[in-house]
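Hello,

Here is the structure for your files. My notes on it follow below.

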Amino acid sequence: MSTRTVLITGATAGIGLECAAQIAPGAHLVLVGRSEAKLAAAADRVRAHGAAGVHTLTADFAELDSVRALAAAVLDRGDPIDVLVNNAGAVFAARTETVDGYEATFAVNHLAPYLLTETLEPLLLASAPARVVITASTGHYRGDLDFDDLQYQRGGYSIMKAYARSKLANVIYARSLAEELAGAGVTVNAVHPGMVATDIWDGAPRLARPLLALVKRFRMISPEEGGHRLCTLATDPALAETTGRYFEDGAVVEPSAVARDLQVARRLRRVSDELVAPRH
Ligand SMILES: NC(=O)c1ccc[n+]([C@@H]2O[C@H](COP(=O)([O-])OP(=O)(O)OC[C@H]3O[C@@H](n4cnc5c(N)ncnc54)[C@H](OP(=O)(O)O)[C@@H]3O)[C@@H](O)[C@H]2O)c1
């Protein structure tokens, strides 16, 4: 895979940026972010790491039209995508709605990468052998999917509950897509990168920040280490045939029972299709 093309979302910071830098030598990289300035800095960084080519695309994952435009831009380029790394993610201390009227954690962490991946599926199939890697989280074990109130409109929102729900959706989608694409030369895996000292923790409620600062300093792994776990899933030849798996700390582990429930997966796919469908 020496001239592989790798598209990475959330490539402007943290795990995604480190993953991009590690994949860079000899690779064509498509870096996706929401800030032109941060994308330019990320592009400089991966060029310095020996990328054969770098292309940047902006998209705000809190806006489905922006994700549609991103997918269209990727398809317009017409180049194959050997690896799609769905890594962009965020947390929201208080319940927030996107311009589409969806709870922001679910929208940014699940609906946006869902729409992107579904739209790019024909390109991924044409690019086979190809891989999709989804940055999930061990937080998914605490997640539930209340289909009657996916968006916390009836209350009960908390940053951790919403995050866990979105990351559960990531694991479910990875498994479901892997099953759909079995035998087609496109693998799909989800990964918990570890507890990584990145900016995502800055989104935690103010009261939790002093404790988090300590945990970050003494307990979390570095963005380089977290990025390496992502990079391994994206490039390790030993994983060329591995699909439908959930990885933690570099090993395959069983995801939660709800993540393995086929009925739940079918329902999530149906509901996600409805939620990302254009309204105009
Ligand atoms: N850190 C951990 O311990 C940990 C553990 C498990 C899973 N994860 C997952 O790892 C992934 C990367 O997180 P990180 O820890 O590296 O955090 P990070 O440093 O905050 O990076 C998050 C990335 O996502 C991008 N992003 C956020 N909101 C976006 C939006 N609305 N539209 C487009 N891009 C957006 C950010 O762009 P900007 O640069 O513009 O902010 C950034 O590039 C996430 O999916 C997260 O859930 C992290």
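Tyr152 is partly exposed, with 17 other C-beta atoms within 10 Å (buried means 20 or more such atoms, exposed 12 or fewer, partly exposed in between, with C-beta atoms placed from the backbone). Although Tyr152 is not a glycine, its phi is positive, about 55°. Tyr152 sits in the loop between β5 and α5 (helices are DSSP runs of H or I with at least four residues, strands runs of E with at least two, numbered from the N terminus).

This is a predicted model, in which local features need pLDDT of at least 70 and side-chain atom pairs count only at pLDDT 80 or more, while totals for chains, interfaces and linings use all residues. Residues are numbered from 1 along each chain as its sequence is written.

Asp249 also has a positive phi, near 50°. Asp249 is exposed, with 12 other C-beta atoms within 10 Å, and belongs to the loop between β7 (246-248) and β8 (251-253).

The peptide bond between Ala128 and Pro129 is cis, with omega about 5°. Pro129 is in the loop between α4 and β5 (130-135). For reference, most peptide bonds are trans, and most residues other than glycine have a negative phi.

Regards
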